[in-house]
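Have the sequence at hand as you go.

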Amino acid sequence: MKAIGSMMSRLAMGLCAAAALQGMAMTAAHAQAKPLGEITVNVFPGGFNWPSYAAEAKGFFAQQGIEVRLQGTTGSVAQMTGLSKGSFDIAMTAIDNIVAYVEGEGEAPIGPQPDFVAVMGSDSSFLSLVAAPDVKTYEDLRGKTLSVDARTTGYAFVLYDMLERKGLKQSDYKIETAGGMVQRWEALQKHAQVATLFSAPFNILARNQGFNQIATATDVLGAYQGNVAATRRSWAAQNKPKLVAFIRAYVQAIDWLYEPANHDEAIRILLKNVPQMSPELAEQTYKELLDPRTGFFRKGQMNTEGIRTVLALRTRYAEPHKVLSDPMKYYDPAYYNEARR
């Protein structure tokens, strides 16, 4: 029996050693990935860029053989115009922007863009309706001016629907375009408007300064697909290895962020990339964006039921009226599926 036990022990040690060598070989293979070149990714400022920050800091992009350059935008009109011109490769943007411009309903004067396509999910956009300190209820918004990025794309229809469900028609309030969240936050602080939709950390920052968070969009609307990685079909077809590499690294970063053991380093990465953020705000952002129930979509999966919500809102509010119902018209899963193999 002792001989058998000794043999089993040696076998177990051998298997562990083999597994360790295999892991080292896989790590070396990742480290020696064939260089694929640079990818420019256009983003809105905000904590929802955390996976990209982590992928850069932890070397996940480098392991996949790509260099990623993040490029900021001031709003969806500028972003979608740039995407149409090929000024950058990938846009982290609301899928509603992609739907709108494919259908020729975008606010930028660039016409229909059937080349636009989403290739990976990211999150629900973490949208919250935030209002001035003296605005505490939906009814307090009656007769007031609210802000959006653009009237016909992004999250404007989310705002309209949230208000309508609470008894406010579009004729009961005014809408002004104020740009991305940075610009809308500045406008809200100057009392140019009284309410808008924010994502973290802007909703948290606003709450900490006495503004009121009236509701979250998903609590009102249910499943919702917000931010996605989007590109042009033509660029994706010509740069498949790059795109697959980006998706792999992004998914790896989401996995890494969700590991509790990485909490402290994740906070340091966020503080380094968003220098205006305090440690306290970073901690609050962590709890919101990495909530196991409502945080970043695990594995960067696309929420097709959430896309249907986007299409239902656009069917209801967009002009000219179109009935939109097929999520796959705006999402090509082939690159994501390849990245997950």
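## The largest cavity

Sorted by class, the residues lining the largest cavity come out as 11 nonpolar, 10 polar and 2 charged. Keep in mind that this is a predicted model. The volume of this cavity is about 230 Å³. A total of 23 residues line the space, and those closest to its centre are Phe 44, Asp 149, Tyr 155, Met 181 and Arg 184.

Which elements give two or more residues to the lining? They are strand 6 (145–148), helix 6 (156–165), helix 7 (181–189) and strand 8. Helix 7 supplies the largest share, with 3 residues.

## The second cavity

The structure has 2 cavities of 30 Å³ or more. By class, that's 3 nonpolar and 4 polar residues, with no charged ones.

Now over to strand 5 (residues 128–131), where you'll find Ser 128. Is Ser 128 buried or exposed? With a relative accessible area of 1%, Ser 128 falls under the 20% cut-off and therefore counts as buried.

The side chain of Ser 128 makes a polar contact of 3.4 Å with the side chain of Gln 213. Leaving out residues up to four places away in sequence, Ser 128 touches Thr 196, Leu 197, Phe 198, Asn 203, Gln 213, Ala 215 and Thr 216.

## Two cis prolines

A cis peptide bond links Ala 200 to Pro 201, with omega at about 5°. Pro 201 sits in the loop that runs between strand 8 (195–198) and helix 8 (202–208).

Another cis bond joins Glu 319 and Pro 320, and here omega is about -5°. Look for Pro 320 in the loop between helix 14 (304–317) and helix 15 (334–339).

Phe 126 isn't a glycine, yet its phi is positive, near 55°. This residue is in the loop between strand 4 (116–121) and strand 5. Phe 126 has a relative accessible area of 7%, so it counts as buried.

Lys 299, also not a glycine, has a positive phi near 60°. You'll spot Lys 299 in the loop between helix 13 (279–289) and helix 14. Why does Lys 299 count as partly exposed? Because its relative accessibility is 29%, and partly exposed covers what lies between the buried limit of 20% and the exposed limit of 50%.

How values were computed:
Residues numbered from 1 in each chain as written. Predicted model: local features only at pLDDT ≥ 70, side-chain atom pairs only at ≥ 80, totals over all residues. Heavy atoms only, no water. Helix = DSSP H or I, 4+ residues; strand = E, 2+ residues; numbered from the N terminus. Buried < 20%, exposed > 50% of the residue type's maximum accessible area, 1.4 Å probe, protein only. Polar contact = N/O pair within 3.5 Å; in protein donor to acceptor, adjacent residues only side chain to side chain. Contact = heavy atoms within 4.5 Å. 1 Å grid on protein atoms, 1.4 Å probe; cavity = no way out; pocket = protein on both sides within 12 Å on 5 of 7 lines; lining within 4 Å. Points joined across faces, edges and corners; volume = space filled by probe spheres on them. Nonpolar A, V, L, I, M, F, W, Y, C, P; charged D, E, K, R; others polar.
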